[in-house]
Amino acid sequence: MSRNVPWDRGVSLPEHAIWFDPEVARALAVVTHAHTDHSRRHRESYLTAETLALTTPQRKPRSARVIALDSAQEVGGGTLTLVTAGHMLGSAQVLFEAPGGRLLYTGDLKLRGPHPVKMPKANVLVIESTYGRPHFLFPDHQTVVEAIAEWCRNTLAEGVTPVLLCHAIGKTQEVMLALAPYGIRFALETRCIPGTRAYEQAGHELPDYVELVPGEDYSERVVIAPPAGKTVIRQLHRYRCALVSGWAQDRHFRAIFGADVAFPLSDHCDFQELLDAVDLVAPEQVYTVHGFTEDLAKQLRRRGVRASSLRGVEQLALAFVLSRATAPYG
């Protein structure tokens, strides 16, 4: 495997002619999940069936190579394996093995919550750092879910419609699944419907829901809508909004979206989980991508980990030596 992992609007292994979540269309890429900041209309993509189903038509690859989780695939002179990432339906980490070592690219990652996630050993780890600052420490998953359910019940009891601001694909459906035991019924803004149907087609039994229609009464349902664009929400008679996001840890973020309250339920790792993930992988070299890259790399170096940020000058001078690995991880 090459000694260099360059960044050029995406992580790549030039020797193997493969990219991981590139920001522009490429000839051959691995797409870790269906969110629009990770998916592009590549000529050929390796991805899970669920990711393909959730990807918007405008971003579906020209040629899709569907891989089941934990199933090895020979690609570009190496072996590619997709491993669950816990971020959303179909999300995957990328384990790439070639002569000289193993590289793990996490994509968006979440360790806590209802989906068990394994972190394979690797010589090199490329890890997301969305919440790579120490103050991003999220409460226990179930504790936050219970707080959301209580807020929804109390708001409904007052004759007010609760509105949960969630991303349309992934977060909406995961929140619905988490709140299912509480008997809550939902009304979904139009953009949330395709992802919800894809979850159902994948075998997930979601709580009762209807599509939100402007002007109708939803006094007995919880509305879910994307954070951006609240035109339809403003047509509700009486409502209160809650932002459901890890960014709830930043006080100003709630105001940006006009939310009354915020709940730190995230589909990403918090800071401590990122540190735990590095410990589990036990890499010789870590590269941080997406988010607070410099901050996380600095914190890792303080812990004695060889770490660099894929940003700025460092992007032009990356070097890790998989061929120097004394023994591959099993």
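The legends below describe several close-up views of a predicted model.

**View 1. Confidence along the predicted chain.** The protein chain has an average pLDDT of 87, and 91% of the residues score at least 70. Over residues 312-330, by contrast, pLDDT stays under 50, although the model has 44 contacts beyond four places in sequence for this stretch. Where pLDDT is low, the predicted coordinates should not be read in detail.

**View 2. Helix α2 and the elements that cover its buried residues.** Helix α2 comprises 17 residues, 141-157, which at 1.5 Å a residue should span 24 Å, and the 25 Å between its end C-alpha atoms agrees with that expectation. The buried residues of α2 are His 141, Val 144, Val 145, Ile 148, Ala 149, Trp 151, Cys 152 and Thr 155. Because these residues cover an arc of only 160° around the axis, they lie on the same side of α2. The elements that cover them include the strands β11 (161-165), β14 (222-225), β15 (239-244) and β16 (261-263), together with helix α3 (171-179).

**View 3. The two ends of helix α2.** At the start of the helix, a side-chain oxygen of Asp 140 comes to within 3.2 Å of the backbone nitrogen of Gln 142. After the helix comes Gly 159, which has a positive phi, near 75°.

View 4. Five of the five residues of β11 are buried, so the strand is largely enclosed by the rest of the structure. In a regular strand the side chains alternate between the two faces of the sheet. In β11 both faces are covered, with Thr 161, Val 163 and Leu 165 buried on one side and Pro 162 and Leu 164 buried on the other. The strand pairs with β15 in the parallel sense over five bridges, and it is joined to β14, also in parallel, by three bridges.

View 5. Thr 32 has its place in the loop between β3 and β4, while Asp 21 is found in the loop between β2 (18-20) and β3. With a relative accessible area of 1%, Thr 32 is buried, and Asp 21 is likewise buried, with a relative accessible area of 2%. The side chains of Thr 32 and Asp 21 make a polar contact at 2.6 Å, and the side chain of Thr 32 also makes a polar contact with the side chain of His 33, at 3.1 Å. Thr 32 and Ser 91 are 59 residues apart along the chain, yet their C-alpha atoms are separated by 5.5 Å.

**View 6. The surroundings of His 35.** His 35 is located in the loop between β3 (28-30) and β4 (44-47). A relative accessible area of 13% places His 35 among the buried residues, for which the cut-off is under 20%. Leaving aside residues up to four places away in sequence, His 35 touches His 87, Met 88, Ile 169 and Asp 267. The C-alpha atoms of His 35 and Leu 54 are 8.4 Å apart in space, with the two residues 19 apart in sequence.

**View 7. Arg 102, a buried arginine in strand β9.** Arg 102 belongs to strand β9, residues 101-105, and is buried, with a relative accessible area of 10%. Its side chain reaches the backbone oxygen of Lys 121 at 3.0 Å.

**View 8. Helix α7 and its packing.** In helix α7, residues 293-302, the buried residues are Thr 293, Leu 296, Ala 297, Gln 299 and Leu 300. Seen down the axis of α7, these residues fall within an arc of 160°, so they line one face of the helix. They pack against β10 (124-129), α6 (271-281), β17 (285-291) and β18 (307-309). The helix is followed by Gly 304, whose phi is positive, near 85°.

**View 9. Ala 282 in the loop between α6 and β17.** Ala 282 lies in the loop that runs between α6 and β17. Its phi is near 55°, which is a positive value in a residue other than glycine. At 30% relative accessibility, Ala 282 counts as partly exposed.

Note on methods. Residues numbered from 1 in each chain as written. Predicted model: local features only at pLDDT ≥ 70, side-chain atom pairs only at ≥ 80, totals over all residues. Heavy atoms only, no water. Helix = DSSP H or I, 4+ residues; strand = E, 2+ residues; numbered from the N terminus. Expected span 1.5 Å × (residues − 1). Buried < 20%, exposed > 50% of the residue type's maximum accessible area, 1.4 Å probe, protein only. Arc of directions from axis to C-beta. Contact = heavy atoms within 4.5 Å. Polar contact = N/O pair within 3.5 Å; in protein donor to acceptor, adjacent residues only side chain to side chain. Pairing = 2+ DSSP bridges. pLDDT = per-residue confidence, 0-100.
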